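The following paragraphs go through a structure chain by chain and interface by interface. Please keep the sequence and the model at hand while reading.

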Amino acid sequence: MNIRWLIILCVNLLVYFLVQELNDALTFFGLNIYLASLYIVFPAIYLAPTQGAIVVLITSWVVDAPLPTPFGTTALLSIFIYTLILLIRHRIRHHMGAFILSITFFTNLILFLILTLIASNSPLADFAYWQTLGINLICSQAVLLLAAPWVLELEQTLFQLSGTPIREH
Amino acid sequence: MKQIQIFKTDNPRLFLFYPIFFLLFCALIAGLAWRQIIQKESFESQEVLQSMRRILNPGTRGNIYDRNGKLLVGNRPVFSAVAYLGALKDDLRKEYYTCVKLAKQKHSKIDFNAVRKEARLNVLQRHLDTINSIIGRNEKIKLKDLERHFSQRLLLPFPLIQDLSPEEYARLTEQIPVDAPIQLFTDSARYYPYGPAAAHVLGYVGTTLNIPEDGVPGKELTTFSLRGKVGKAGMEAFFDEKLQGTSGGDVWKVDPVGYQFQHVAHKAASQGAPIITSIDIDLQLTAEKALGDHTGAVVVLDVNTGEVLTMVSHPTYDLNELTPFIPQATYEAINDKGAWLNRATQGLYPPGSPFKLITTIAGMKANLIDEHTITDCKGKHYVGNRAFHCDRRSGHGLLNVEESIAKSCNILFYQTSLDIGNMALAEQAREFGLGEPTGIEIPFESSHTLVPDSDWKQNKQLGKWMPGDTTNMSIGQGYLLSTPLQMACFMASLARGETRTYPTLIHAPENHTQSSRQKSSPIGLSQEQYQMLLNGMEKATLEGTARRATLSNVRIASKTGTSQAWYQGKRRNIAWHAGFAPADNPTIAIVVMVEETEDDNNYGGGRTTSPIAKKVLRKALLSKTSS
Amino acid sequence: MGKSSVHARPLVLLGCLLLIWWFVPPFIKSFVQVNFFELQAPAWSAASHLKDLQLYWSLRNHSQQELIEAGRDLARLNSAYELSRQKEAALNKEIEHLEKMLNLPPLPNYNYEVARVTRRDINQWWQQLVIRKGKDHGIIEGAPVVYAGGVVGRIQKVFKNTAIVELISSPNFRIAASFEGDRRPVIYQGVGTPAFSNPRGIIHNVPPDYTTESTPKRLVTSRLGGTFPEGLVLGQVDELKARSDGLFQEGKVSLPQNLMSLSEVAILIPLDEDVDTTI
């Protein structure tokens with residue numbers, strides 16, 4: 001049985017849980033870390049398209065469920081980005097971690113900006129809003145650079161432990 | 001089979017087509033260039049005109065304050081619940097399809113227009129029901145209003161409930177989601193903290209759709225206007241331009257149906273300039289109270305600046321009942337009691353005995369009256385065969401000038417007027433500004449005040465001017481007509497020893513300096529003559545007809561009067577009190593006028609108006625002392 | 001058929017998913033959402049319980065001396081609260097008496113349900129808390145949520161054993177409020193939580209004659225809105241600014257910082273069935 005998708009789904013849920021705990025602790029400072037690209041890029045690169053789509057969908061629904069945005073917003077956004085990555089993944093797959101990291105980095109940036117466009121209902125003329133947005137974006141991208149190699153490493157270790165190949169052939 | 005040679009290009013017949021095609025291509029390219037480059041701007045502006053709409057939003061009117069900074073006219077918010085139709089587009093479409101489906105089930109033939117109307121009504125009523133359930137009302141949408149809005153004002157929010165109470169507004173604020181198509185809309189209505197006080201001075205507003213553009217972008221666009229306000233009476237009308245705020249507005253891109261699609265530009269409206277009136281609201285309230293239920297007017301002027309401190313006209317109306325609009329019943333009630341008339345500036349009355357002061361001045365100037373002048377009052381004076389009576393039928397006996405003024409004996413003035421003649425008397429009255437509007441900053445001041453003379457009577461074909469007309473005029477009767485304001489101006493001028501006072505409703509403290517006070521030509525009396533006049537007026541207050549206006553420690557110069565006018569076939573007394581105080585250094589001029597309205601009123605200057613004047617003067621002098 | 005069709009497959013997948021999602025009836029979406037939430041709820045509850053346990057064990061480490069001191073402080077607090085309670089009971093009777101005299105409708109009564117916070121979701125897009133009580137505990141949508149420092153927010157969604165609270169700093173949170181000691185209603189709306197700063201809100205429609213007179217004023221709830229009881233603290237208004245139309249003033253509201261680190265809140269559940277808190 002192919003459990004590669006299950007491993008990535010579990011890692012996604014673990015990352016989601018950890019990010020939530022981190023954010024829970026950071027609320028006192030008014031900070032928020034957004035690492036949604038971690039749930040999309042790795043399934044897009046390491047899994048078969050359908051399996052990847054399932055993982056992305058399930059993770060997105062978990063993320064989506066408690067949010068005040070219409071249910072499915074994150075899921076649709078993730079699937080859209082996932083499709084884009086699928087279209088270019090034959091070029092990415094030959095590259096090493098640094099390149100994947102940069103894809104993750106830019107994907108997160110795009111997701112962050114799109115979500116801002118969709119979900120923001122603060123007065124746009126408010127300087128404090130843009131300031132917070134900027135600080136959170138910088139912090140998120142910084143944390144992403146630290147967290148992504150660890151997640152990648154974790155997934156690869158789990159693949160090795162379960163005896164499944166790192167990439168789908 | 002014959003093979004068709006397609007690619008043979010050297011056929012001479014084809015050469016004919018090359019230039020034709022070339023020309024056609026050139027024409028095509030030129031046309032394209034014409035449309036894309038030359039006509040670009042025209043198409044762009046056409047596109048803008050077709051797809052953009054503008055909403056004009058009137059600025060809030062400026063506040064009006066009294067001379068001490070108390071708010072007389074402000075603005076109160078009027079909250080209403082409105083539906084933004086652009087946000088209901090999807091609901092309307094879905095409801096329309098549902099209605100069509102239902103109609104198909106019921107009838108074979110469908111009136112799509114009726115179905116569309118029904119769908120609109122259903123959707124809006126559903127939202128209104130939500131509001132009804134929150135605030136406990138049972139409002140219904142009128143189909144006629146809804147259809148008119150859809151056809152004429154689609155871009156504007158549709159009002160569901162207007163003039164919400166603070167409780168309803170608070171409930172809706174809390175219970176309607178921030179992004180719902182139903183929202184609270186704030187408009188303003190005029191607010192008068194003192195209700196009926198100074199109603200005729202302040203005036204009221206009406207609504208208008210004619211909003212000034214004030215630089216709101218999109219002048220060329222189809223424009224919708226929210227209702228603005230325009231001054232209809234009083235200072236609201238006179239200073240309308242100043243009080244009007246600067247309009248704001250929004251430019252919207254609309255969809256093909258005309259619903260709001262995208263917000264393009266916004267300009268915030270701003271409030272109009274404030275006005276500081278000369279009215280002293282505390283004194284005004286005192287005067288309003290003192291005049292009570294009497295029909296009449298009270299005018300108090302600052303002698304030195306001409307500022308109107310108080311202007312009362314009764315009966316009056318509560319200005320708050322006229323906003324945001326005048327209900328028909330209110331309009332009729334005000335009409336029935338004759339309260340629309342500002343008696344201080346529009347009421348035309350024979351001035352009565354206070355006019356005797358003008359006769360005295362004219363007599364003094366003609367050297368017909370001096371300190372040695374003694375009149376023997378036997379109760380009447382014959383002009384030809386006609387007897388002209390004095391107020392005291394038994395006669396006052398021997399009186400000097402001061403006593404004649406104090407006791408308001410007619411005989412001296414009859415004699416003097418006959419000696420100086422009608423023209424000189426009229427001329428003196430006109431010198432004091434009688435017979436022409438004062439120019440106060442209130443619209444509709446009467447221009448029919450009258451100082452009659454022989455020419456006027458002849459022109460009016462009322463016959464020849466008779467000596468009896470002159471004697472009547474000498475005591476402020478006959479054809480003479482003046483307003484209480486004119487008489488107050490006369491009193492202020494007299495107090496300064498001058499001939500003219502130009503009243504103003506604007507408080508300008510800079511005018512209080514010595515150099516910028518009201519100034520006009522002097523009356524033309526010697527100091528002794530002027531003192532004689534003053535003594536007569538003071539005596540009137542101390543022991544004469546105006547003794548009910550006496551105040552301790554203040555010297556007051558007064559002249560009372562009771563004139564007669566015919567109203568609806570009945571003779572009515574008009575009671576007057578005119579004067580100024582303190583007599584030795586005048587600061588306040590006052591005129592009180594009360595009309596008889598009932599047969600048994602029996603009003604008289606000293607009886608009726610002097611007590612009112614006393615109350616007002618006490619308050620006015622107290623205010624002056626404290627300020 | 002070959003390379004190009006292989007490349008087009010992801011787009012086909014995307015198209016199919018979009019189509020499916022478009023045509024799925026709303027109740028199915030709602031069902032999926034509820035289930036996905038309920039699925040993860042135990043994990044958050046477990047994490048919350050773990051934190052409580054952690055706190056318990058850290059408290060266990062306190063010395064006996066500290067416990068004695070804390071007990072003594074608690075006893076003092078209890079006696080102070082007992083006194084307040086008695087005063088409140090007397091005042092309530094007085095209010096009841098006045099209500100009867102003036103023929104006023106009674107003030108709505110509330111049942112307090114205390115709940116632990118399991119998760120905070122506060123960022124530039126949304127501001128919400130997840131609490132460890134739900135439908136089973138009588139929590140209803142729209143119910144006010146408070147804490148010792150004032151208002152926390154309003155219940156937005158209710159699940160079986162959990163509920164989502166929309167915080168007062170959320171831009172979607174709007175209520176009728178009033179200044180302490182002044183009953184005129186003003187509109188309060190959240191604007192978010194800036195980084196390294198207190199959460200904030202704004203007030204609209206403040207009457208033009210109201211001044212903060214160089215001292216900040218406390219903004220409290222108004223019962224005119226129908227959801228919140230009167231007098232609960234929302235925040236502090238430092239400055240008011242007149243609007244260009246002259247009708248109103250507006251100002252910024254500074255909300256308490258501890259709103260961001262709440263671990264326990266109380267939900268006010270209206271006892272009177274006539275009090276409708278839903279929209």
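Contact here means heavy atoms within 4.5 Å. This is a predicted model, in which local features need pLDDT of at least 70 and side-chain atom pairs count only at pLDDT 80 or more, while totals for chains, interfaces and linings use all residues. Residues are numbered from 1 along each chain as its sequence is written, chains are lettered from A and ligands numbered from 1 in the order in which they are written, and side-chain values use heavy atoms, with hydrogens and water left out.

Consider first the arrangement of the chains. Of the 2 pairs of chains in contact, chains A and C share the most contacts. No contact joins chain A and chain B, and their closest C-alpha atoms lie 9 Å apart.

Between chain C and chain A, 42 residues of chain C are in contact with 49 residues of chain A. The area buried between these two chains is about 4300 Å², and carbon and sulfur atoms give 66% of it. Buried area is the accessible area (1.4 Å probe) that two parts lose on being put together, summed over both. On the chain C side, C:Gln124, C:Trp125 and C:Trp126 lose the most area to chain A, together 18% of what that side buries. The count of salt bridges between chain C and chain A is 3, where a salt bridge is a side-chain nitrogen of Lys or Arg within 4 Å of a carboxyl oxygen of Asp or Glu. In one salt bridge the side chains of C:Lys51 and A:Asp24 meet at 3.3 Å, N to O.

The other interface takes 25 residues from chain B and 25 residues from chain C. Chain B and chain C bury about 2000 Å² between them, 53% of it on carbon and sulfur atoms. In chain B, the residues that lose the most area to chain C are B:Glu174, B:Gln175 and B:Val178, together 34% of what that side buries. How many salt bridges are found across the interface of chain B and chain C? The rule finds 0.

Within chain C, strand S8 (residues 200–206) has 5 of its 7 residues buried, so this strand is largely enclosed by the rest of the structure. Buried means under 20% relative accessible area, exposed over 50%, and partly exposed in between (1.4 Å probe, protein chains only). Strands (E, at least two residues) and helices (H or I, at least four) are DSSP runs, numbered from the N terminus. Two strands pair if DSSP finds at least two bridges between them. Strand S7 (residues 186–192) of chain C runs antiparallel to S8(C) and is joined to it by 5 bridges, with C:Gln189 opposite C:Ile202. S8(C) also pairs in the antiparallel sense with strand S11 (residues 249–254) of chain C, over 5 bridges; here C:Ile202 stands opposite C:Lys252.

In chain B, B:Asp302 is found in strand S12 (residues 295–302). B:Asp302 is buried, with a relative accessible area of 4%. Leaving aside neighbours within four places in sequence, B:Asp302 is in contact with B:Glu307, B:Leu309, B:Thr587 and B:Lys624.

By contrast, B:Phe21, in helix H2 of chain B, is partly exposed, with a relative accessible area of 46%.
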